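Here's a short tour of one protein chain, written for someone who is just getting started. Take a look at the sequence and the structure first, then read on.

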Amino acid sequence: MLFDRFDLQPDDPLLALIGEVRADPRRHRLDLSVGVYRDEKGQTPVMRAVKAAEAQLVAGHASKAYLGPAGDADFCARIANLVLGACTSRHTAGMQSVGGTGALRLAARLLAVNPRPHGAGPATIWLATPTWGNHVPVFEGAGLRIRTFAHTDAKGGALDFSAWLEIVERAEPGDAILLQGCGHNPTGIDFTSAQWATLATRIADKGLFPLVDLAYQGFGLGLEEDATGVRALVERVPETLIAVSCNKTFGLYRDRVGALLMTGTQAAPLAKAMANAKGLARGEYSMPPDHGAAVVRTILESAELTALWTRELDAMRARLVQTRAAIAAHPLAADLGLSELADQKGMFCLLGAGLRVVQRLKDESAIYVAPDGRVNLAGLPLSRVDDFVAKLSSAYRAPQPEMAQ
Ligand code: LMR
């Protein structure tokens, strides 16, 4: 029996929590696991700009005929504009992808299939850890060799920028390096503008290839501000790949909306890379689904809907900033290693907690955080900040199992 020869596989440890939370009957349960924005009532409503765009699409959508493996070209052009600004000096190209993860996968496949000098091993990507739990499976599955390095200080609260510079020194020319554009997942620790500029110059000098994961533009400092690092990089290095996700920024999670952008100093090589990416997409899934990208395009084509969407995004960011500030100002914050939260950005922060604390939070307080101790701050109502900090403190204080009576 073919099926029976499979080994049973565990569920993805993060996504498994979606079902676990749903099945938890405790009314006060708090889901801070998967990266989804929730309002003060714990809901993830469809954004008003999205509803309006969907209404327009239903009324006016003329055809659902195929668009081809690159998907909606106007959507890609709008996303390129959002990320790179109106006047990049680089040539750019883009294709629609199945969420940001799909863009990462396509980018990784492109890196993996790119012809390498005779005798060179598999293409290598450098990953700063801790990082999003799915980076390794996505890159490994695409055929990349992964090398990791630690990018935070021992306490995990601050960036170890020297580690980045050291790795750029150590890496071989031609190696890829993953950079998160803003709202680092899981740490919330972003580069400053000066660090982006330094790193970009070093990466260019060394001949490394940057792949940017940009999933939270607008959740950090603002739509424009959150793109400055990526833009600085693009202007300094000859070629980049940028995996963009619209899932969070447009609240289109289950519609899986994303784009793979490419930038280069010359048009002809870019066209070759695009042709290869389209071929890879055709072999993987043929063509991307249309609906979510059409919604985003409809919003970005309309000044009115763009203004509405930006206001909604700004409100989400403002609540996140408030949540961060409230936690950082809590009297127990320093003890719990949470004082830096107000300086960090985006949806996530990483507890220095081990699995035991994560488990206690779940068992005793019905608080779900990701298995690596990542907290989705965008899921925490302001009214429950004190409760969360108190429960976290008691989970830390609980005796070790072997010491328990
Ligand atoms: C997350 O990091 O929680 C989200 O990006 C969901 C996912 O795909 O892991």
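This is a predicted model: local features need pLDDT of at least 70, side-chain atom pairs count only at pLDDT 80 or more; totals for chains, interfaces and linings use all residues.

Let's begin with the domains. The chain splits into two pieces, and domain 1 is written as two stretches of sequence. Here they are side by side:

| Domain | Residues |
|---|---|
| Domain 1 | 3–45 + 310–397 |
| Domain 2 | 66–301 |

Now for the inside. The largest nonpolar core has 95 residues, and the members that touch the most others are Ile79, Trp164 and Trp309. Where does this core lie relative to domain 1 and domain 2? Both domains give residues to it, so the core lies between them. Apart from this core there is another one, made of 31 residues, including Ala123, Trp132, Leu260 and Met274.

Which residues does tryptophan 164 touch, if you skip its neighbours within four places in sequence? Its contacts are Ala128, Phe149, His151, Leu159, Ile177, Leu178, Leu179, Phe191 and Leu199.

Finally, the surface. Leu2, Phe3 and Phe6 make up a nonpolar patch there, and together they have about 410 Å² of accessible area. Phenylalanine 3 is found in the segment before helix 1 (16–23). Is phenylalanine 3 buried or exposed? With a relative accessible area of 69%, phenylalanine 3 counts as exposed, because the cut-off for that word is over 50%.

Technical notes. Residues are numbered from 1 along each chain as its sequence is written. Side-chain values use heavy atoms; hydrogens and water are left out. Patches are made of residues with over 30% relative accessible area and no salt bridge: like charges are joined within 9 Å, nonpolar side chains (Val, Leu, Ile, Met, Phe, Trp, Tyr) within 5 Å. Accessible areas come from the Shrake-Rupley method with a 1.4 Å probe; for residues, only the protein chains shown count as cover. A salt bridge is a side-chain nitrogen of Lys or Arg within 4 Å of a carboxyl oxygen of Asp or Glu. Helices (H or I, at least four residues) and strands (E, at least two) are DSSP runs, numbered from the N terminus. Buried means under 20% relative accessible area, exposed over 50%, partly exposed in between (1.4 Å probe, protein chains only). A nonpolar core is a set of buried Ala, Val, Leu, Ile, Met, Phe, Trp, Tyr and Cys residues joined through side-chain atoms within 4.5 Å. Domain bounds come from an automatic or database domain assignment. Contact means heavy atoms within 4.5 Å.
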